[in-house]
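User: I would like to go through this model term by term, asking in each case what a label rests on. Please set the values against the definitions as you answer.

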Amino acid sequence: MHSILKTSLAALVAAGVTASSAAADGHALSGELNIISDMSNPAPRAVMEGLAEDFGALHPGLEVNLTIVDREAWKTQIRNALGANPPDVVNWYAANRMRPYVDAGLFADISDLWAEPEFEALASTKGAMTLDGAQWGVPYTYYQWGVYYRKDIFDQYGLSEPSNWEEELANCQTLLDNGVKCYTIGTKFLWTAGGWFDYINSRTNGYDFHIALARGEVEWTDDRVRQTFANWRQLIDMGAFIDDHQTYSWQEALPFMVNGEAASYLMGNFAVAAMRDGGLTDDQLDFYQFPVINPDVDFAEDAPTDTFHIPSGAQNMDAAKEFLRFVTSAEVQTEINSGAGLGQLPVNANASIDDDKFLAQGFDMLSNNAGGGIMQFFDRDFEAEMASVGMEGLQEFMVFPDNLDDILERLEETRQRIYQ
Amino acid sequence: MATAAPNRGWYKRNEIAITPWLFLLPAMIFFAVYVIIPIGQSFWISLHEWDGLGDKTWVGTANYERLLGWGDANIDRKFETSFWNNIKWLVLYLLAIPAGLFIALFLNQTVTGIRFYKSMFFFPFVISQVVVGLVFSWFYLPREGLLNAVLGFFGAGPVNILGDPTLATYGIIAAGLWPQTAYCMILYLTGLNAVDPEQVEAARLDGAKGHKMLWYVILPQLKPATFIAFVVTIIGALRSFDLISVMTNGGPFGSTRVLSFYMFEESLSEFGFRMGFGAAIAVVLFFIMLGFIAYFLYSMYRDEKGAH
């Protein structure tokens, strides 16, 4: 995968078709460019290494130093990294997640970059990158969430993609009758349960209600929230989810699907690469949008955006900005988001989508069938403390649904304290 | 020589009084900078609300009220769980002392290859806690784990120890006991080397054997080893952080948290950065530890005094 990407990117460089070449002509970049990236999973890592290498090849006078940090570890290390002797470019996430660093003045305001004409192609995420009226980073990728399922198993039992909740439950019952679990999930690190809540809540009560809940404007003990949990509980009571999921990480839950013990997985598109690595072919795998629960509300979709930022203490601001131009250019975004790279969706509107059925479906879904709105995900939409207490409660609910009243009371107590 | 006395410098005149302090100075500076001052800072931070980046806001004792349930607030449930888990750790971890003693007595013999056996028993203490945690979490895996394979062989149902909120803490303590027992064993093995053979001989002549010999003759001579084993085990129980982090990450639903893990979660984890509240937990943990430290210091002081 790495070599394909490298050769194709090298070809790209040789052809001189990067959007940045014009700007680079003005003055040669020199010195060092220090990048700290959290793209530590195998496929993203290869992409990031390719990016650094090609950017270095474009600017021979520049020494590009790339440090790749474990993705989970980076979520806490970023604070130290931004403090003393910061790098020039870092990875982070869009929306509320930028808040602490923007408030503390650790991210550089790059509104001037966004004012350049090339950046109009990124307009769809400008809102997610804007805080306090300025832009603080650039997106390089986003990806859809949805249900990835074993098409061969569905065919075997004569099932088709469900479009509403009744069909969903009926499918699930058929699978269970045949000894196959409907869903695999690993909730050890909690966030996977957040995806389920995002979907069932937004399908039950709509995007606006979900975001109001995220902002702390609705009580957790509200009847509408209870309705969400009641819908969720239908699946739990059927035994739709694999047993002992509280012990597994999301990766450890994959073998259940690969071995055919579970038929589907509500996940982000990044899981496709892992499923293919596990030996599933594209004939066995397929994707469907999370089905309608309440026909009165429009579809809302989780599509988290991953980003690059410049720390305000960056030493080589010129090179850092040039790098952001490079990663947001249509050609590079097409390249890095292709099936051979990240296998995700490019943000640049002029970029093309790779010929990959999951990307094509995801792109179509997000462009044409997400009228409700785009959610950034439970742990990015909700305030940090609310998210951590919330996801713990969701995990408990999935194991002991009878504890619901106690869980909701606890969440409500937290909400009142945080959003007072 | 005596004529030079009035001309001696200030240092020369006070040499005897000053030199000990000069030798103590580096240690005192480091102890102050890395231990005493941070303790004071923790107290100070615990009276604020602070995200670690921006400005601190003074909130007085609000963090403690929330944590301990002073006034009209309910006691913080996570704190309650963590506190009781700490107690479980402290009590059950002490099992490492008798277990270590037993293995040490068993290995304290001269047969071919005893050094090899001893090092094999000591092996778990050499590997990192993180590795111990990983090995045990595989051992406990609900389907593939060795534990369930063994239980299945005897017809007992599968258990998911780390996924069950009532069992998970005990599962982690059992993992922690493995290296800790090895540590206590090594302490007792060296202690047994120092046992006076003449006393054993004399006791034997008087007809002592079996557990009477152990209880009245051997154990009193092992008292220094027992004290050290007690100290390191209590300290080990209080720093159970790494095993918990690796094996359950505090879950399922926070049932395996201990105070140190809760403190880390509130102040330094992905969804944390509530430095004030985290510092308040640290202060409470400090007072718990202070109880033990005071006891250790007192018993050491008593022993010193008894020696003279």
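Analyst: Domain bounds here come from an automatic or database domain assignment. On that basis chain B is divided into domain 1 (44-75 + 274-308) and domain 2 (84-257), and the centres of these two domains of chain B, taken over C-alpha atoms, are separated by 30 Å. Please keep in mind throughout that this is a predicted model.

User: Into which domains is chain A divided, and how many residues of each are in contact with the other?

Analyst: Chain A is divided into domain 1 (2-142 + 305-351) and domain 2 (145-302 + 363-418), and the C-alpha centres of the two lie 31 Å apart. With contact taken as C-beta atoms within 7 Å, 11 residues of domain 1 of chain A are in contact with 7 residues of domain 2 of chain A. On the domain 1 side, the touching residues divide into 6 nonpolar, 4 polar and 1 charged.

User: Why is chain A called as compact as a globular protein of its length?

Analyst: Chain A has 20 helices and 13 strands. Its radius of gyration is 22 Å, and the globule rule gives 22 Å for 420 residues, so the chain is as compact as a globular protein of that length. Along its principal axes the C-alpha trace of chain A spans about 65 × 50 × 35 Å, and buried residues make up 51% of its 420 residues. Among the contacts in chain A with a separation of 6 or more, 78% are accounted for by residues 24 or more positions apart.

User: What makes β2 and β6 of chain A edge strands?

Analyst: The open sheet in question has 5 strands in the order β2-β1-β3-β12-β6 of chain A, with mixed pairing. The strands β2 (62-68) and β6 (138-142) each pair on one side only, and they are the edge strands. From one strand to the next the twist averages 25°.

User: How do you know that β1 and β3 of chain A pair, and what packs on this sheet?

Analyst: For two strands to pair, at least two bridges are needed between them; strand β1 (residues 31-37) and strand β3 (residues 89-93) of chain A have 2 bridges, in the parallel sense, and therefore they count as paired. One of the residues involved is A:Ile36, whose bridge partner in β3(A) is A:Val90. Helix α3 (residues 42-58) of chain A packs on the sheet, where it touches β1 and β2 of chain A, and its direction makes about 170° with that of β2(A).

User: What makes B:Thr190 count as exposed?

Analyst: B:Thr190 has 12 C-beta neighbours inside 10 Å, so it counts as exposed, the limit being 12 or fewer. B:Thr190 is found in helix α9 (residues 168-193) of chain B. Between B:Thr190 and B:Leu151 there are 39 residues in sequence and 37 Å in space, C-alpha to C-alpha.

User: How many residues of chain A are in contact with chain B, and which element gives the largest share?

Analyst: In chain A, 19 residues are in contact with 19 residues of chain B. The elements that give two or more residues to this side of chain A are α4 (71-83), α5 (99-103) and α19 (384-399), and the largest share, 8 residues, comes from α19(A). The residues on the chain A side divide into 6 nonpolar, 5 polar and 8 charged.

Definitions and conventions:
Residues are numbered from 1 along each chain as its sequence is written. Chains are lettered from A and ligands numbered from 1 in the order in which they are written. This is a predicted model: local features need pLDDT of at least 70, side-chain atom pairs count only at pLDDT 80 or more; totals for chains, interfaces and linings use all residues. Two residues are in contact if their C-beta atoms, placed from the backbone, lie within 7 Å. Helices (H or I, at least four residues) and strands (E, at least two) are DSSP runs, numbered from the N terminus. Ala, Val, Leu, Ile, Met, Phe, Trp, Tyr, Cys and Pro count as nonpolar, Asp, Glu, Lys and Arg as charged, and the others, Gly among them, as polar. The radius of gyration is taken over C-alpha atoms; the globule rule is 2.2 Å times the number of residues to the power 0.38. A residue is buried if 20 or more other C-beta atoms lie within 10 Å of its own, exposed if 12 or fewer, and partly exposed in between; C-beta atoms are placed from the backbone. Axes are lines fitted to C-alpha atoms, for helices over the stretch in contact, and angles run from 0 to 180 degrees between N-to-C directions.
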